[in-house]
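My entries follow in the order in which I checked things.

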Amino acid sequence: MLTWLQRDDLSFPPLEKAMREPSGLLAAGGDLSPERLIAAYRHGCFPWYQDGQPLLWWSPDPRTVLYPDELHVSRSLGKKLRQGTFNVTFDRAFRDVVQACAGPRSYTDGTWITTPMQDAYTKLHQLGVAHSIEVWQDQRLVGGLYGLAIGQLFFGESMFSRTTDASKVGFVTLVEHLRDWGFKLIDCQMPTQHLASFGARGISRKTFAETLARHLDEPNSARWES
């Protein structure tokens, strides 16, 4: 049975209570307050819903993750990185990145990054929890991504690209910095061929929860200002 969250209670049901159909659905309801969002990621779930739906919280099994040490960069992408075609920054244009990620996609008519979601993650950015990676070309924003950094874990949310390889360059740059800053894992949530090409793979929900317990409260050496 699906658990409905109460606005005055930030707790979530145990991850093993997630439904099999639809796969990974853990709870519904609640709100998008910064306190609840942080509690959700610390618990191992995330919000994902469309306009017209109730607020839905998910914990997929398996969970798609990327270990920074397992990053794979293709030869062609490595060449593009060395060419310096793009300039990559952090936390320079968070709201612009989120709005671009919410833009129309060729493979879908809707977006899960609704206006309330944009507002919620912008509040997390103002609190220093959510971060953006911007990719520029000739001073024009051509790609980027955003997510949350908690302890030694980065929770990726979405990325966009307006020109070939822009988001890939941003993602690789982020992963390399996270590795140097002591991050142990990047949560990619759901599998895609794009993420798999970088070395992302699925781990069990149990293993993911154990990783959270080990690394959520460990320090990192991140320097997001750029």
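The entries below go from helix packing to single residues and then to the backbone.

**Ground rules.** I am working with a predicted model, in which local features need pLDDT of at least 70, side-chain atom pairs count only at pLDDT 80 or more, and totals for chains, interfaces and linings use all residues. Residues are numbered from 1 along each chain as its sequence is written, and side-chain values use heavy atoms, with hydrogens and water left out.

**H3 against H4.** I took helices (H or I, at least four residues) and strands (E, at least two) as DSSP runs, numbered from the N terminus. Helix H3 (residues 94-101) packs on helix H4 (residues 115-126) with the axes 10 Å apart and an angle of about 150°, which makes H3 roughly antiparallel to H4. For that label I used these limits: under 35 degrees is roughly parallel, over 145 roughly antiparallel, 65 to 115 roughly perpendicular, and the rest oblique. The axes are lines fitted to C-alpha atoms, for helices over the stretch in contact, and the angles run from 0 to 180 degrees between N-to-C directions. With contact meaning heavy atoms within 4.5 Å, I found Phe-94, Arg-95, Val-98 and Gln-99 of H3 meeting Gln-118, Asp-119, Tyr-121, Thr-122 and His-125 of H4. Sorted by class, this contact of H3 with H4 has 3 nonpolar, 4 polar and 2 charged residues, where Ala, Val, Leu, Ile, Met, Phe, Trp, Tyr, Cys and Pro count as nonpolar, Asp, Glu, Lys and Arg as charged, and the others, Gly among them, as polar.

**H1 against H4.** Helix H1 (residues 34-43) and H4 cross at roughly 85°, their axes coming within 10 Å, and H1 and H4 are therefore roughly perpendicular to each other. From H1, Pro-34, Leu-37, Ile-38 and Tyr-41 meet Ala-120, Tyr-121, Lys-123 and Leu-124 of H4; by class, the contact of H1 with H4 has 7 nonpolar, no polar and 1 charged residues.

**Ala-120.** This residue lies in helix H4, and I noted that it counts as buried at 3% relative accessibility. Buried means under 20% relative accessible area, exposed over 50%, and partly exposed in between (1.4 Å probe, protein chains only). Leaving aside neighbours within four places in sequence, Ala-120 is in contact with Leu-32 and Leu-37.

**H5.** How far apart are the end C-alpha atoms of helix H5 (residues 166-180)? They are 22 Å apart, which agrees with the 21 Å that its 15 residues should span at 1.5 Å a residue, the expected span being 1.5 Å times one less than the number of residues. Among the buried residues of H5 I listed Ala-166, Val-169, Gly-170, Phe-171 and Leu-178. Just after H5, Gly-182 takes a positive phi of about 90°.

**Cis peptide bonds.** The bond from Glu-21 to Pro-22 is cis, with omega near -5°, and Pro-22 sits in the loop between strand S1 (3-5) and strand S2 (25-29). Asp-61 and Pro-62 are also joined by a cis peptide bond, with omega about 10°, and Pro-62 is in the loop between strand S4 (56-58) and strand S5 (63-66).

Asp-91, which is not a glycine, has phi near 55°; Asp-91 lies in the loop between strand S6 (87-90) and H3 and counts as partly exposed at 23% relative accessibility. Gln-189 has a positive phi of about 70°, but Gln-189 is found in strand S10 (residues 185-189) and is buried, with a relative accessible area of 7%.
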